[in-house]
Amino acid sequence: MVVEIDSDSGFCFGVVTAIRKAEEELEKSGSLYCLGDIVHNSDEVQRLSSKGLKIITHEEMERLHDVKVLLRAHGEPPSTYRMARENNIEIIDATCPVVLRLQQRIKQTFSTPSEERPQIVIYGKNGHAEVNGLVGQTAGEAIVIENTDDLEKIDFTRDVALYSQTTKSLDGFRHIADAIRARLAPHRRLETFDTICRQVANRVEKLQSFARSHDVVLFVAGKKSSNGKVLYANCREVNPNTYLISNADEIDPAWLNGAASVGICGATSTPRWLMEEVRDRIAAS
């Protein structure tokens, strides 16, 4: 049996940077707070926790003083930075540059005088850490749209500025843009800002090609990973023998019966070492 790990799978640039910054600080001091899971993968979080990383909530951060806190790649709203200043907390900022640019663009639109300002609409997952950070740039005014069912939140008699969470699909973004455009009142304008990360978006085509080339595909992703759910569905679309697992312990040997080739791939939050463990478990079976 041939077993291959997809060379394009695994951590995106933003996650790599966040983990590197965490490891550098842990190497120096042996302890570091992180606001929320540093990555949506429980196995990687556990690995870093064993080195001294402590995952905290916003409520827990409010009670901390004179410590270091890492902000993960998803980014944070301005209120988090204010809290840090008030509590003398040193921020280690690992916000992904793509997310940071998006925050700045939304903030710029929001700084337009209110009588001229379009409605700011964000295509993304309500409650997602990145989306919370984006909405925070607008003092909570931005409208979050997950699908066309949410379009009723928009006032179509006003101009609209449409942004996207960086990890959403391009097709989904275009579909939402077309749906808004079709409903806009005459003489009202829709301005779209394609803010989707190409490192993530370009994975779909490559992943599907990889999935087609194997009899069985094991897609490795954490249960909290939104990106993992989307990319897993993309693989299963072209290869029905695709199975979603969190780690090697979840492999069902029956899946591999009669397979001449097995492909292992993962989300932007899946560490390479976890995919290698899956490969090694198959080799040992």
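Colleague: Is A139 buried or exposed, and how do you know that?

Modeller: A139 has a relative accessible area of 63%, and since exposed requires a value over 50%, A139 counts as exposed. Please keep in mind that we are discussing a predicted model. A139 is found in the loop that runs between α6 (129-135) and β7, and its phi is near 55°, which is a positive value in a residue other than glycine.

Colleague: What makes T95 buried or exposed?

Modeller: Here the value is a relative accessible area of 10%, and because this is under the 20% limit, T95 is called buried. T95 lies in the loop between β5 and α5 (97-110), where, leaving aside residues up to four places away in sequence, it touches L71, R72, A73, G75, Y81 and L100.

Colleague: How do you know whether the buried residues of α4 line one face of the helix?

Modeller: In α4, which spans residues 78-86, the buried residues are T80, M83 and A84. Looking down the axis of α4, we find these buried residues within an arc of 100°, and so they line one face of the helix. The face turned away from that buried side carries the exposed residues R85 and E86, while the cover over the buried residues of α4 includes β2 (32-35), α3, β4 and β5 (90-93).

Colleague: Why are β3 and β5 called edge strands?

Modeller: The open sheet has four strands in the order β3-β2-β4-β5, with parallel pairing. β3 (53-56) and β5 each pair on one side only, which is what makes them the edge strands.

Colleague: What makes β4 and β5 a pair?

Modeller: Four bridges join the parallel strands β4 and β5, and because at least two bridges are required, they count as paired. K68 stands opposite E90 in β5.

Colleague: Which residues touch the most other members of the largest nonpolar core?

Modeller: That core has 19 residues, and I154, L162 and I180 touch the most other members. At least two of its residues come from each of β6 (119-123), β7 (143-145), β8 (160-164) and α7 (170-183), and α7 gives the largest share, six residues. Not counting residues up to four places away in sequence, L162 touches residues including V121, F173, I176 and F193. Another core, of 16 residues, lies apart from the largest one, and among its residues are I19, V39, L48 and I92.

How values were computed. Residues are numbered from 1 along each chain as its sequence is written. This is a predicted model: local features need pLDDT of at least 70, side-chain atom pairs count only at pLDDT 80 or more; totals for chains, interfaces and linings use all residues. Side-chain values use heavy atoms; hydrogens and water are left out. A nonpolar core is a set of buried Ala, Val, Leu, Ile, Met, Phe, Trp, Tyr and Cys residues joined through side-chain atoms within 4.5 Å. Buried means under 20% relative accessible area, exposed over 50%, partly exposed in between (1.4 Å probe, protein chains only). Contact means heavy atoms within 4.5 Å. The arc is that of the directions from the helix axis to the C-beta atoms.
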